[in-house]
Amino acid sequence: VDELAAVALAELRLRPGLRLVAGAAGGRAAFLDWYAVEAGVALDRGRRWDAALRYRPELVAYVGALDRFVGHTLALDGRVHVGPTLDAAVAASATTGDDRDALAVLTTLAWRPAP
């Protein structure tokens, strides 16, 4: 196997509208191994909107590198139910580490017209 990755995510509802989120991930490729954990909090108003903020440290080991290093990511995900046929979502992450400083933003619109 040249590449392998796994991820596990869990949520614990503390009370209606408030959840703790946690996860772990890791992988191996031809040029690097990486291992990460994450933790955060999520808020929601039922089906109306949902938002989650998570922090993820990640241990990165490049093949042939002298040292491993830890990268840090702060991620914010949000979704809003605009109307009966439209949802909007955004996922943003800011990452910093020895090999990158990056900001990524992905937006999604889900439209479900009546048949």
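Buried means under 20% relative accessible area, exposed means over 50%, and partly exposed is in between (1.4 Å probe, protein chains only). With that in hand I looked up Leu53, in strand S4, and Leu53 is partly exposed, with a relative accessible area of 40%.

**Ground rules.** I am working from a predicted model, where local features need pLDDT of at least 70, side-chain atom pairs count only at pLDDT 80 or more, and totals for chains, interfaces and linings use all residues. Residues are numbered from 1 along each chain as its sequence is written, and side-chain values use heavy atoms, leaving out hydrogens and water.

**The sheet.** I traced an open sheet of seven strands in the order S1-S2-S3-S4-S5-S6-S7, paired antiparallel. Strands here are DSSP runs (E, at least two residues), numbered from the N terminus, and two of them pair if DSSP finds at least two bridges between them. S1 (4-15) and S7 (101-111) stand at the edges with a single partner strand each, so one side of each is left without a neighbour in the sheet. From one strand to the next the twist averages 15°, taken between N-to-C directions of lines fitted to C-alpha atoms, on a scale from 0 to 180 degrees.

**Pairings, one by one.** S3 and S4 run antiparallel and share 11 bridges, with Asp44 opposite Asp50 in S4. Their hairpin has four residues between the strands, and Gly46 in the turn has a positive phi of about 60°. I then checked S4 with S5, which pair antiparallel over 12 bridges; Ala51 has Gly78 in S5 as its bridge partner. That hairpin has six residues between the strands, and Gly64 takes a positive phi near 85°. S5 (69-83) and S6 (86-96) are joined by 11 bridges, also antiparallel, and His81 stands opposite Asp87 in S6.

**Nonpolar patch.** Which strand gives the largest share of the nonpolar patch? I found that S5 does, with four residues. S1, S3 (32-44), S4 (49-62) and S5 each supply at least two. Among the members are Leu12, Val41, Trp49, Leu53, Tyr55 and Val80, and the patch as a whole has about 1000 Å² of accessible area.

**Ala88.** I placed Ala88 in strand S6. Beyond its neighbours within four places in sequence, Ala88 is in contact (heavy atoms within 4.5 Å) with Gly78, Arg79, Val80, Val82, Thr108 and Leu109. Ala88 and Tyr62 are 26 residues apart in sequence and 37 Å apart in space, C-alpha to C-alpha.

Conventions. Patch = residues over 30% accessible without salt bridge, like charges linked within 9 Å, V, L, I, M, F, W, Y side chains within 5 Å. Areas by Shrake-Rupley, 256 points an atom, 1.4 Å probe, with all protein chains shown as cover. Salt bridge = Lys/Arg side-chain N within 4 Å of Asp/Glu carboxyl O.
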